[in-house]
Amino acid sequence: MSHCTRRELRRTGPLALANAAGRGFTLMEMVVAVAAVAVISVGLAAIFDAVGKTVSGGRRVSVLNTYAGLMEARLRRDFERMSREGFLMVRQQWANDGVARLAVPVADSQRQADWRERRVDEILFFTKGKAESARLPVGIDPATGAPLIASGEASRVYYGHGQRVGPTNAAYSIPSIGDLNPPVVSGEPVVALGVPFVADPSQNPNYYAGGWTLLRHETVLARPRASASAPGDFRGLLGTNQPPLGDPSTLDSDVQVAGQPAAPGIFRSHNRWFPGGAGAPLPAWMHPASANPAAMLTPRFASGLVDIATTDLEEIRWWVTSGTLLPGRIEDPATPANLIYPNRRMASSVVAFTSNPPPLTQRDLSANPIDWQHAWMDDAWPTQSAVLPAGNTPEYNPAPSAVPGSANALDPSGARLRYEPQSPDLFGEIAAGNLYGRADQLLLTASNFVPRCSEFIVEWSYGDTDPNFANSEPVWFGLPRNPGAVGETYPYPYSSQGRGNWVVHTRPLRLKGANALATVSDRLVYGYSPDEASLVVTSFFGYTDPSLPSTSDADSDGQIDNLSPLRPQPWPWPRLIRITIVLSDPQDPTIESTFQYIFTTPADPGSN
């Protein structure tokens, strides 16, 4: 057994332990400890912040890549179905106010130094294959008992930014099928893309680019079905607005298919004047409520409520190549020849081709075959989307002959297809039992393709390479993205060293005793010569080339007798279409991601 001395007991006893426990840290020790904890905390925060950003960024990239794949798949399906039985148009345009390009903010949180000019391009073409209306069915197929859906074997496909209606506009909650959706309405804030409202820019729902939506609008080409009886039983579906069972007004006509409203054609001039007046208005039971009842006579694509046209590709080609009146001259609803399709060829007043375009202020007066076809193709845009300086009418609008806002008024410049991010009054229409109103509300969102699309750029190429460069990059045509930069796109004619190279594409022609080449000029593609300062440029690609002179085979050997090309020759189409889509992040709109796709078009059909 060991024994402790008194000194040892004194050192280890309760008093010594108490004295040791009462001793605190010095000030220096505490400062060092706090500093160490702070350093560690900052380090950990930085680590967690980096990890969080990495995870968030990874999720964003993953979501964007998935979305990009879905966009490409939809676009590719449409381009694979594109048909040369129709025509192709590309409209390249800066967001502008008719005077100059606009620097558009992506969101209200973006500093002004980062605002930039933005492209709001469009593309339109036709496809072959089964197509169905997106409208909510309202009728019953008497043969099968299934919902009655309007369908066709061809369609018009349009890609471009849409335009929302201001929430204070009377048409916001109760849309009208004849609405022109103008960007400027008296007493209302301007709603044009990227144009600020003077009093408060945020009152324009289309001001910030981060809130724009790219639309994919498909118009079903569906001829009225010949039937001696009503297509189906509407009773029990339309409440107090139902027509009598078997009522003739439920039969297909030029303005309705499968009990759904339809435009009589794809051309705005036709839809402006037909049915018109008291000719053949939509049945009263079809749209019982409207913010503008007078506009119910003429279904308009601008309203966002129409995705059916009672026409076909053959009729469309006839109007473009052989019509009897220019679009702006179909102005008299009392004259049947102006509305129904007369069995006549192009009017004798059409002059021979000239390489000199008419003045911009007289485009609608031209009877040159190129301008004639350009005018009709331009009339097939769902709206007159081109924003043009006052006095210039290269988009073939004639002088107004009707009171603005009336059923037969001209389409306003800068208008776009209406859409809404969500139905403005869906529950109200459901509560009221208004099936057509419900269908309208749903269709306002049906064409929404890419939300938060802050820029949409469409460029085209014949597939030719630039002789000024050793690389094999194709020459792309379009408004310049960065004027003056080598390798950037320029309007037609393209030249990486300036605008001196006017001929950029040739194609072989079958000639007697020679392998001659025909050139493609800007006259055929645009009608006039645009430049880098243009606010809007439209490219047209039609059926057969109207710039080539007719010839005869004098010795009947199956070949022409001189170096003039044998007509008809196919209108040269671009081989490639390049689409650039810029997306704004939903969490931080100032973060934008760019995706680019390249698609091929159908080859030129064989020449004669």
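A charge sits over a ring if NZ of Lys or CZ of Arg is within 6 Å of the ring centre and within 35 degrees of the ring normal. Arg119 meets this with Trp94: its charged end sits over the ring, 5.6 Å from the centre. The model is predicted. Across the whole structure, a search finds 15 aromatic pairs.

**Edge-to-face pairs**
- Phe87 and Phe126 form one of the pairs; their ring centres are 5.0 Å apart and their planes lie at 70°, so the pair is edge-to-face.
- This pair links distant parts of the chain, with the two residues 39 residues apart.
- Phe87 is in the loop between helix H3 (27–80) and strand E1 (88–93).
- Phe126 is in strand E4 (residues 122–132).
- Phe87 has a relative accessible area of 0%, so Phe87 is buried.
- Phe126 is also at 0% relative accessibility and therefore counts as buried; the cut-off is under 20%.
- Trp460 and Tyr462 have ring centres 5.2 Å apart; their planes meet at 80°, so this pair is edge-to-face.
- Trp460 and Tyr462 are both buried.

**Ring cluster**
- Phe79, Phe125, Tyr597 and Phe599 belong to a cluster.
- Ring pairs are what link these four residues.

**Charges over rings**
- Trp94 carries the charged end of Arg119 over its ring, at 5.6 Å from the ring centre.
- Phe301 has the charged end of Arg156 over its ring, at 4.3 Å from the ring centre.

Definitions and conventions
Residues are numbered from 1 along each chain as its sequence is written. This is a predicted model: local features need pLDDT of at least 70, side-chain atom pairs count only at pLDDT 80 or more; totals for chains, interfaces and linings use all residues. Side-chain values use heavy atoms; hydrogens and water are left out. Rings of Phe, Tyr and Trp (its six-membered ring) pair if their centres lie within 6.5 Å; planes under 30 degrees apart count as stacked, over 60 as edge-to-face and the rest as tilted. Helices (H or I, at least four residues) and strands (E, at least two) are DSSP runs, numbered from the N terminus. Buried means under 20% relative accessible area, exposed over 50%, partly exposed in between (1.4 Å probe, protein chains only).
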